[in-house]
Amino acid sequence: MSSIILEAREIRYRYPRGMEAVRGISFHIRKGEKIALVGPNGAGKSTLMLMLNGMIRPDSGIILFDNEPVSYDKDSLRKLRKRVGFVLQNPDRQIIAPTVYQDVAFGPVNLGYSESEVKSAVREALRYVGLEGFERRPPHLLSGGEKKRVAIAGVLAMDPDLLVFDEPTSGLDPSGSEDIMELLDELNHQGKTIIISTHDIELAYPWADRAILLLEGRILQEAIPDVAFGRPEYVRQAHLSMPILLDIYFELEKRGYSLPERKPRTVLDMLQVIDVAFKKTPCCHASPGTISVFDVDSSLHDSLPGWLASHPGVSIGAMGTRAKQHAADNHIVLDFTYGVIDKCILRAIIGESSLILTSTGMVRRVEHRALEFATVSGISVPVRLMD
Ligand code: ADP
(Lines give C-alpha, C1' and ligand atoms only; values in the text may rest on other atoms or scores of the structure.)
Protein backbone atom coordinates (compact mmCIF):
# COMPACT_ATOMS: atom_id res chain seq x y z
CA MET A 1 0.00 0.00 0.00
CA SER A 2 1.37 3.42 -0.91
CA SER A 3 2.47 5.91 1.68
CA ILE A 4 0.44 8.69 3.24
CA ILE A 5 0.85 12.10 1.61
CA LEU A 6 -1.46 14.10 3.85
CA GLU A 7 -2.99 13.53 7.23
CA ALA A 8 -5.36 15.59 9.36
CA ARG A 9 -5.58 14.92 13.08
CA GLU A 10 -8.57 16.22 14.99
CA ILE A 11 -8.65 19.53 13.16
CA ARG A 12 -11.16 22.20 14.14
CA TYR A 13 -11.93 25.63 12.77
CA ARG A 14 -14.39 28.37 13.64
CA TYR A 15 -14.78 31.42 11.41
CA PRO A 16 -14.47 34.74 13.23
CA ARG A 17 -18.03 35.67 14.25
CA GLY A 18 -19.20 32.42 12.66
CA MET A 19 -20.06 28.91 13.65
CA GLU A 20 -17.59 26.07 14.00
CA ALA A 21 -17.25 24.92 10.36
CA VAL A 22 -14.88 21.97 10.97
CA ARG A 23 -15.48 20.07 14.20
CA GLY A 24 -12.74 17.60 14.93
CA ILE A 25 -11.91 15.86 11.65
CA SER A 26 -9.23 13.18 11.17
CA PHE A 27 -8.39 11.45 7.91
CA HIS A 28 -5.48 10.57 5.69
CA ILE A 29 -4.83 10.55 1.97
CA ARG A 30 -2.47 8.10 0.34
CA LYS A 31 -0.20 8.95 -2.57
CA GLY A 32 -1.99 8.38 -5.87
CA GLU A 33 -5.49 8.24 -4.39
CA LYS A 34 -8.57 9.88 -5.88
CA ILE A 35 -10.81 11.13 -3.11
CA ALA A 36 -14.27 12.65 -3.35
CA LEU A 37 -15.39 14.86 -0.49
CA VAL A 38 -19.16 14.92 -0.53
CA GLY A 39 -21.81 16.61 1.57
CA PRO A 40 -24.60 19.18 1.51
CA ASN A 41 -24.03 22.94 1.33
CA GLY A 42 -22.52 24.23 4.55
CA ALA A 43 -21.09 20.81 5.52
CA GLY A 44 -17.59 22.31 5.72
CA LYS A 45 -16.09 20.96 2.49
CA SER A 46 -14.58 24.24 1.28
CA THR A 47 -13.27 25.11 4.72
CA LEU A 48 -11.65 21.72 5.08
CA MET A 49 -10.07 21.95 1.64
CA LEU A 50 -8.71 25.42 2.31
CA MET A 51 -6.91 23.91 5.28
CA LEU A 52 -5.08 21.41 3.08
CA ASN A 53 -2.71 23.97 1.59
CA GLY A 54 -2.57 26.24 4.58
CA MET A 55 -4.98 28.92 3.38
CA ILE A 56 -6.88 28.38 6.64
CA ARG A 57 -5.03 27.43 9.79
CA PRO A 58 -6.86 25.06 12.12
CA ASP A 59 -7.72 26.45 15.58
CA SER A 60 -6.63 23.10 16.96
CA GLY A 61 -5.36 19.78 15.68
CA ILE A 62 -2.62 19.36 13.10
CA ILE A 63 -2.19 18.69 9.43
CA LEU A 64 0.81 16.68 8.27
CA PHE A 65 2.09 16.81 4.72
CA ASP A 66 4.59 14.10 3.82
CA ASN A 67 4.68 13.21 7.54
CA GLU A 68 5.77 16.75 8.52
CA PRO A 69 3.42 19.00 10.49
CA VAL A 70 2.44 22.00 8.37
CA SER A 71 4.06 25.26 9.54
CA TYR A 72 2.42 28.56 8.86
CA ASP A 73 5.38 30.91 8.33
CA LYS A 74 5.59 32.51 4.88
CA ASP A 75 8.42 30.36 3.61
CA SER A 76 6.88 27.04 4.71
CA LEU A 77 3.53 28.01 3.22
CA ARG A 78 5.13 28.85 -0.11
CA LYS A 79 6.80 25.44 -0.16
CA LEU A 80 3.55 23.73 0.81
CA ARG A 81 1.58 25.53 -1.91
CA LYS A 82 4.04 24.39 -4.53
CA ARG A 83 3.26 20.81 -3.55
CA VAL A 84 -0.46 21.17 -2.85
CA GLY A 85 -2.23 22.90 -5.74
CA PHE A 86 -5.69 24.33 -5.15
CA VAL A 87 -8.22 24.92 -7.91
CA LEU A 88 -11.06 27.15 -6.75
CA GLN A 89 -14.67 26.48 -7.65
CA ASN A 90 -14.99 29.74 -9.56
CA PRO A 91 -12.18 30.24 -12.10
CA ASP A 92 -12.95 33.98 -12.24
CA ARG A 93 -11.63 34.20 -8.68
CA GLN A 94 -8.48 32.28 -9.54
CA ILE A 95 -7.55 33.88 -12.86
CA ILE A 96 -5.98 37.25 -12.26
CA ALA A 97 -3.76 38.17 -15.20
CA PRO A 98 -4.77 39.85 -18.48
CA THR A 99 -3.57 37.00 -20.69
CA VAL A 100 -3.64 33.23 -20.39
CA TYR A 101 0.17 33.08 -20.56
CA GLN A 102 0.66 35.60 -17.75
CA ASP A 103 -1.89 33.86 -15.62
CA VAL A 104 -0.37 30.41 -15.93
CA ALA A 105 3.12 31.92 -15.48
CA PHE A 106 2.13 33.57 -12.19
CA GLY A 107 2.94 30.59 -9.95
CA PRO A 108 6.27 29.64 -11.57
CA VAL A 109 7.39 33.33 -11.56
CA ASN A 110 6.56 33.56 -7.85
CA LEU A 111 8.49 30.40 -7.18
CA GLY A 112 11.54 32.09 -8.69
CA TYR A 113 11.82 29.95 -11.84
CA SER A 114 14.15 31.33 -14.54
CA GLU A 115 12.55 32.81 -17.66
CA SER A 116 13.16 29.69 -19.71
CA GLU A 117 11.84 27.47 -16.90
CA VAL A 118 8.69 29.62 -16.70
CA LYS A 119 8.21 29.35 -20.47
CA SER A 120 8.57 25.62 -20.49
CA ALA A 121 6.33 25.15 -17.40
CA VAL A 122 3.59 27.26 -19.03
CA ARG A 123 3.93 25.51 -22.38
CA GLU A 124 3.72 22.08 -20.79
CA ALA A 125 0.75 23.01 -18.54
CA LEU A 126 -1.23 24.52 -21.42
CA ARG A 127 -0.47 21.55 -23.64
CA TYR A 128 -1.65 19.26 -20.87
CA VAL A 129 -5.04 20.94 -20.52
CA GLY A 130 -5.48 21.24 -24.30
CA LEU A 131 -5.03 25.03 -24.51
CA GLU A 132 -1.98 25.32 -26.72
CA GLY A 133 -2.27 28.47 -28.79
CA PHE A 134 -4.34 30.27 -26.14
CA GLU A 135 -1.32 32.10 -24.66
CA ARG A 136 -2.27 35.61 -25.76
CA ARG A 137 -6.00 35.30 -25.21
CA PRO A 138 -7.64 37.38 -22.48
CA PRO A 139 -9.14 34.89 -20.01
CA HIS A 140 -12.41 36.81 -19.58
CA LEU A 141 -13.33 36.03 -23.20
CA LEU A 142 -13.02 32.27 -22.75
CA SER A 143 -15.84 29.79 -22.13
CA GLY A 144 -16.49 28.43 -18.62
CA GLY A 145 -14.74 25.15 -19.45
CA GLU A 146 -11.73 26.93 -20.95
CA LYS A 147 -11.41 29.22 -17.92
CA LYS A 148 -11.46 26.16 -15.71
CA ARG A 149 -8.63 24.70 -17.76
CA VAL A 150 -6.62 27.91 -17.46
CA ALA A 151 -7.05 27.76 -13.67
CA ILE A 152 -5.95 24.11 -13.70
CA ALA A 153 -2.96 24.91 -15.93
CA GLY A 154 -1.94 27.65 -13.48
CA VAL A 155 -1.76 25.06 -10.73
CA LEU A 156 -0.15 22.36 -12.90
CA ALA A 157 2.61 24.78 -13.92
CA MET A 158 3.97 24.40 -10.39
CA ASP A 159 3.95 20.61 -10.72
CA PRO A 160 2.23 19.87 -7.39
CA ASP A 161 1.95 16.36 -5.92
CA LEU A 162 -1.53 16.80 -4.47
CA LEU A 163 -4.30 18.59 -6.34
CA VAL A 164 -7.33 19.92 -4.51
CA PHE A 165 -10.39 20.84 -6.57
CA ASP A 166 -13.33 22.61 -5.03
CA GLU A 167 -16.42 21.59 -7.04
CA PRO A 168 -14.48 21.03 -10.29
CA THR A 169 -17.60 20.56 -12.43
CA SER A 170 -19.81 23.29 -11.04
CA GLY A 171 -21.18 25.57 -13.73
CA LEU A 172 -20.13 23.26 -16.55
CA ASP A 173 -22.47 21.47 -18.94
CA PRO A 174 -22.51 17.62 -18.81
CA SER A 175 -19.94 17.20 -21.55
CA GLY A 176 -17.68 19.89 -20.03
CA SER A 177 -18.00 18.12 -16.67
CA GLU A 178 -17.04 14.79 -18.21
CA ASP A 179 -14.03 16.39 -19.87
CA ILE A 180 -12.85 17.79 -16.56
CA MET A 181 -13.35 14.47 -14.75
CA GLU A 182 -11.37 12.77 -17.45
CA LEU A 183 -8.61 15.34 -17.13
CA LEU A 184 -8.51 14.57 -13.40
CA ASP A 185 -8.22 10.90 -14.25
CA GLU A 186 -5.39 11.60 -16.63
CA LEU A 187 -3.56 13.64 -14.00
CA ASN A 188 -4.05 10.86 -11.52
CA HIS A 189 -2.70 8.41 -14.01
CA GLN A 190 0.44 10.56 -14.23
CA GLY A 191 0.91 10.11 -10.49
CA LYS A 192 -0.96 13.06 -8.97
CA THR A 193 -3.02 12.55 -5.84
CA ILE A 194 -6.41 14.20 -6.22
CA ILE A 195 -9.12 15.33 -3.84
CA ILE A 196 -12.32 16.93 -5.09
CA SER A 197 -15.41 18.23 -3.40
CA THR A 198 -18.62 17.67 -5.29
CA HIS A 199 -22.38 17.32 -5.18
CA ASP A 200 -22.40 15.26 -8.31
CA ILE A 201 -22.73 11.71 -7.07
CA GLU A 202 -23.08 10.19 -10.53
CA LEU A 203 -19.67 11.59 -11.49
CA ALA A 204 -17.98 10.95 -8.14
CA TYR A 205 -19.21 7.37 -7.77
CA PRO A 206 -17.33 5.74 -10.68
CA TRP A 207 -14.39 8.16 -10.38
CA ALA A 208 -13.29 8.05 -6.75
CA ASP A 209 -11.16 5.45 -4.99
CA ARG A 210 -12.61 6.61 -1.69
CA ALA A 211 -15.42 8.93 -0.64
CA ILE A 212 -15.59 11.03 2.49
CA LEU A 213 -19.09 12.14 3.45
CA LEU A 214 -19.15 15.33 5.48
CA LEU A 215 -22.05 16.63 7.52
CA GLU A 216 -22.08 19.64 9.86
CA GLY A 217 -18.30 19.81 10.05
CA ARG A 218 -17.82 16.13 10.87
CA ILE A 219 -17.08 12.98 8.89
CA LEU A 220 -20.24 10.93 8.54
CA GLN A 221 -18.67 8.11 6.55
CA GLU A 222 -15.37 7.37 4.88
CA ALA A 223 -15.19 4.35 2.59
CA ILE A 224 -14.95 3.04 -0.94
CA PRO A 225 -17.72 4.69 -2.99
CA ASP A 226 -20.13 1.76 -3.14
CA VAL A 227 -20.12 1.56 0.66
CA ALA A 228 -20.15 5.33 1.23
CA PHE A 229 -22.99 5.89 -1.25
CA GLY A 230 -24.71 2.57 -0.68
CA ARG A 231 -26.14 3.12 2.82
CA PRO A 232 -29.57 4.73 2.47
CA GLU A 233 -29.43 6.31 5.94
CA TYR A 234 -26.13 8.08 5.20
CA VAL A 235 -27.24 9.12 1.74
CA ARG A 236 -30.40 10.61 3.24
CA GLN A 237 -28.60 12.40 6.07
CA ALA A 238 -26.07 13.89 3.69
CA HIS A 239 -28.88 15.12 1.36
CA LEU A 240 -27.55 12.98 -1.48
CA SER A 241 -29.19 10.50 -3.77
CA MET A 242 -27.87 7.02 -4.37
CA PRO A 243 -26.02 6.51 -7.67
CA ILE A 244 -28.51 5.01 -10.11
CA LEU A 245 -26.44 1.86 -10.77
CA LEU A 246 -26.20 1.11 -7.05
CA ASP A 247 -29.92 1.75 -6.66
CA ILE A 248 -30.73 -0.79 -9.38
CA TYR A 249 -28.26 -3.29 -7.87
CA PHE A 250 -29.95 -3.09 -4.46
CA GLU A 251 -33.41 -3.35 -6.01
CA LEU A 252 -32.35 -6.55 -7.82
CA GLU A 253 -30.91 -7.84 -4.54
CA LYS A 254 -34.18 -7.13 -2.70
CA ARG A 255 -36.00 -9.18 -5.30
CA GLY A 256 -33.89 -12.16 -4.33
CA TYR A 257 -31.57 -12.41 -7.32
CA SER A 258 -28.18 -13.75 -6.51
CA LEU A 259 -25.71 -11.14 -7.62
CA PRO A 260 -21.95 -10.84 -7.87
CA GLU A 261 -20.58 -9.19 -4.75
CA ARG A 262 -18.73 -6.50 -6.67
CA LYS A 263 -21.06 -3.55 -7.11
CA PRO A 264 -21.44 -2.05 -10.60
CA ARG A 265 -19.72 1.27 -11.20
CA THR A 266 -20.29 1.49 -14.93
CA VAL A 267 -22.93 0.35 -17.44
CA LEU A 268 -20.58 -2.45 -18.48
CA ASP A 269 -20.37 -3.65 -14.86
CA MET A 270 -24.17 -3.44 -14.61
CA LEU A 271 -24.63 -5.64 -17.67
CA GLN A 272 -22.43 -8.23 -16.03
CA VAL A 273 -24.57 -8.05 -12.88
CA ILE A 274 -27.71 -8.54 -14.99
CA ASP A 275 -26.17 -11.52 -16.80
CA VAL A 276 -25.40 -13.16 -13.46
CA ALA A 277 -28.80 -12.27 -11.97
CA PHE A 278 -30.70 -13.76 -14.87
CA LYS A 279 -28.24 -16.64 -15.28
CA LYS A 280 -27.59 -15.72 -18.87
CA THR A 281 -24.42 -16.49 -20.68
CA PRO A 282 -23.18 -13.07 -21.61
CA CYS A 283 -24.58 -11.90 -24.90
CA CYS A 284 -21.61 -12.10 -27.17
CA HIS A 285 -21.08 -12.09 -30.85
CA ALA A 286 -19.26 -15.20 -32.11
CA SER A 287 -16.15 -13.12 -32.54
CA PRO A 288 -15.83 -9.95 -30.47
CA GLY A 289 -14.85 -6.76 -32.25
CA THR A 290 -11.34 -5.40 -31.94
CA ILE A 291 -10.41 -2.24 -30.08
CA SER A 292 -7.67 -0.43 -31.95
CA VAL A 293 -5.71 2.12 -29.98
CA PHE A 294 -3.99 5.08 -31.57
CA ASP A 295 -1.46 7.05 -29.53
CA VAL A 296 -1.72 10.71 -30.54
CA ASP A 297 1.66 11.40 -28.93
CA SER A 298 3.32 9.00 -31.35
CA SER A 299 4.80 10.17 -34.60
CA LEU A 300 2.54 7.99 -36.71
CA HIS A 301 -0.04 10.66 -37.46
CA ASP A 302 0.19 10.03 -41.18
CA SER A 303 -1.13 6.52 -40.83
CA LEU A 304 -4.43 7.52 -39.20
CA PRO A 305 -6.35 8.99 -42.18
CA GLY A 306 -5.62 5.85 -44.24
CA TRP A 307 -6.72 3.61 -41.39
CA LEU A 308 -9.96 5.57 -40.94
CA ALA A 309 -10.66 5.42 -44.68
CA SER A 310 -10.27 1.65 -44.68
CA HIS A 311 -12.48 1.18 -41.61
CA PRO A 312 -15.66 3.13 -42.43
CA GLY A 313 -18.37 3.11 -39.79
CA VAL A 314 -16.06 2.14 -36.95
CA SER A 315 -17.00 3.78 -33.62
CA ILE A 316 -14.39 6.26 -32.44
CA GLY A 317 -13.68 7.42 -28.91
CA ALA A 318 -11.09 9.83 -27.55
CA MET A 319 -9.66 9.56 -24.09
CA GLY A 320 -7.81 12.49 -22.63
CA THR A 321 -7.43 16.13 -23.51
CA ARG A 322 -4.74 15.80 -26.15
CA ALA A 323 -6.60 13.01 -27.93
CA LYS A 324 -9.78 15.10 -28.06
CA GLN A 325 -7.77 18.03 -29.34
CA HIS A 326 -6.23 15.81 -32.01
CA ALA A 327 -9.70 14.67 -33.09
CA ALA A 328 -10.95 18.26 -33.30
CA ASP A 329 -7.88 19.41 -35.25
CA ASN A 330 -8.32 16.57 -37.73
CA HIS A 331 -12.11 16.84 -38.05
CA ILE A 332 -12.61 13.36 -36.65
CA VAL A 333 -16.16 12.96 -35.37
CA LEU A 334 -16.20 11.23 -31.99
CA ASP A 335 -18.83 8.75 -30.90
CA PHE A 336 -17.54 8.50 -27.32
CA THR A 337 -15.84 11.10 -25.18
CA TYR A 338 -16.29 9.69 -21.68
CA GLY A 339 -16.24 6.17 -20.26
CA VAL A 340 -14.62 5.39 -23.61
CA ILE A 341 -13.01 2.03 -22.83
CA ASP A 342 -16.21 0.54 -21.43
CA LYS A 343 -18.22 1.85 -24.38
CA CYS A 344 -15.77 0.22 -26.80
CA ILE A 345 -15.92 -3.08 -24.88
CA LEU A 346 -19.73 -2.88 -25.09
CA ARG A 347 -19.38 -2.50 -28.85
CA ALA A 348 -16.86 -5.35 -29.05
CA ILE A 349 -19.15 -7.84 -27.33
CA ILE A 350 -21.77 -7.30 -30.01
CA GLY A 351 -19.13 -7.86 -32.66
CA GLU A 352 -18.33 -4.25 -33.57
CA SER A 353 -14.84 -2.85 -33.75
CA SER A 354 -13.81 0.54 -32.48
CA LEU A 355 -10.92 2.96 -32.31
CA ILE A 356 -9.65 4.76 -29.23
CA LEU A 357 -7.51 7.85 -29.66
CA THR A 358 -5.44 8.44 -26.57
CA SER A 359 -2.09 9.67 -25.31
CA THR A 360 0.93 7.67 -24.28
CA GLY A 361 0.24 7.54 -20.55
CA MET A 362 -3.25 6.14 -21.09
CA VAL A 363 -2.63 3.36 -23.62
CA ARG A 364 -2.01 0.79 -20.90
CA ARG A 365 -5.37 1.53 -19.31
CA VAL A 366 -7.18 0.13 -22.32
CA GLU A 367 -5.28 -3.15 -22.12
CA HIS A 368 -5.75 -3.29 -18.38
CA ARG A 369 -9.52 -2.74 -18.50
CA ALA A 370 -9.95 -5.31 -21.29
CA LEU A 371 -8.02 -7.86 -19.22
CA GLU A 372 -10.09 -7.06 -16.13
CA PHE A 373 -13.25 -7.56 -18.21
CA ALA A 374 -11.94 -10.87 -19.58
CA THR A 375 -11.27 -12.13 -16.05
CA VAL A 376 -14.81 -11.42 -14.91
CA SER A 377 -16.71 -12.30 -18.08
CA GLY A 378 -14.52 -14.85 -19.83
CA ILE A 379 -14.79 -12.75 -22.99
CA SER A 380 -11.49 -11.77 -24.46
CA VAL A 381 -11.69 -8.50 -26.40
CA PRO A 382 -8.66 -8.01 -28.64
CA VAL A 383 -6.84 -4.72 -28.13
CA ARG A 384 -4.43 -3.70 -30.86
CA LEU A 385 -2.04 -0.79 -30.59
CA MET A 386 -1.70 0.82 -34.01
CA ASP A 387 1.91 0.92 -35.05
P1 ADP B 1 -19.43 23.69 2.04
O2 ADP B 1 -18.22 23.94 1.22
O3 ADP B 1 -19.61 22.25 2.42
O4 ADP B 1 -20.68 24.28 1.44
P5 ADP B 1 -18.31 25.67 3.82
O6 ADP B 1 -16.97 25.19 4.25
O7 ADP B 1 -18.37 26.72 2.76
O8 ADP B 1 -19.23 24.43 3.44
O9 ADP B 1 -19.06 26.26 5.09
C10 ADP B 1 -19.13 25.59 6.33
C11 ADP B 1 -19.79 26.51 7.36
O12 ADP B 1 -18.96 27.64 7.58
C13 ADP B 1 -21.15 27.04 6.91
O14 ADP B 1 -21.99 27.10 8.03
C15 ADP B 1 -20.83 28.43 6.41
O16 ADP B 1 -21.93 29.30 6.60
C17 ADP B 1 -19.67 28.83 7.31
N18 ADP B 1 -18.76 29.76 6.60
C19 ADP B 1 -18.13 29.54 5.44
N20 ADP B 1 -17.36 30.60 5.10
C21 ADP B 1 -17.52 31.51 6.11
C22 ADP B 1 -16.98 32.82 6.35
N23 ADP B 1 -16.11 33.37 5.52
N24 ADP B 1 -17.37 33.45 7.50
C25 ADP B 1 -18.23 32.88 8.36
N26 ADP B 1 -18.76 31.64 8.18
C27 ADP B 1 -18.43 30.97 7.08
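Arg 262, Asp 269, Asp 342, Arg 369 and Glu 372 are linked in a network of salt bridges. The structure is a predicted model, and its salt bridges come to a count of 26.

| Pair | N to O distance |
|---|---|
| Arg 12 and Glu 20 | 3.2 Å |
| Lys 192 and Asp 159 | 2.6 Å |
| Glu 352 and Arg 347 | 3.6 Å |

The side chains of Lys 192 and Asp 159 meet in a salt bridge. Lys 192 sits in the loop between helix H7 (174-189) and strand E8 (193-198), and Asp 159 in the loop between helix H6 (144-156) and strand E7 (162-166), so this pair ties together parts that are 33 residues apart in sequence. Lys 192 has a relative accessible area of 12% and is buried, because buried means under 20%. Asp 159, at 48%, is partly exposed.

Arg 12 is partly exposed, with a relative accessible area of 31%.

The salt bridge between Glu 352 and Arg 347 has a partly exposed residue at either end: Glu 352 has a relative accessible area of 37%, and Arg 347 has 27% relative accessibility.

**Ligand site**

The residues surrounding the ligand include Tyr 15, Met 19, Ala 21 and Pro 40, together with Asn 41, Gly 42, Ala 43, Gly 44, Lys 45, Ser 46 and Thr 47. By type, this shell divides into five nonpolar residues, five polar and one charged. Which helix gives the most to the shell? Helix H1 (residues 45-52) does, with three residues.

An N or O atom in the side chain of Thr 47 is 2.4 Å from an oxygen atom of the ligand. For Ser 46, a polar side-chain atom lies 2.7 Å from a ligand oxygen, and for Lys 45 the distance from a side-chain N or O atom to a ligand oxygen is 2.9 Å. Taken alone, the ligand exposes 560 Å², and the protein buries 62% of that.

**Surface patch**

A nonpolar patch on the surface is formed by Tyr 257, Val 267, Leu 271, Ile 274 and Phe 278, with about 400 Å² of accessible area together. Leu 271 belongs to helix H12 (residues 267-277). With a relative accessible area of 36%, Leu 271 is partly exposed.

Conventions:
Residues numbered from 1 in each chain as written. Predicted model: local features only at pLDDT ≥ 70, side-chain atom pairs only at ≥ 80, totals over all residues. Heavy atoms only, no water. Patch = residues over 30% accessible without salt bridge, like charges linked within 9 Å, V, L, I, M, F, W, Y side chains within 5 Å. Areas by Shrake-Rupley, 256 points an atom, 1.4 Å probe, with all protein chains shown as cover. Salt bridge = Lys/Arg side-chain N within 4 Å of Asp/Glu carboxyl O. Helix = DSSP H or I, 4+ residues; strand = E, 2+ residues; numbered from the N terminus. Buried < 20%, exposed > 50% of the residue type's maximum accessible area, 1.4 Å probe, protein only. Near = heavy atom within 4 Å. Polar contact = N/O pair within 3.5 Å; in protein donor to acceptor, adjacent residues only side chain to side chain. Nonpolar A, V, L, I, M, F, W, Y, C, P; charged D, E, K, R; others polar.
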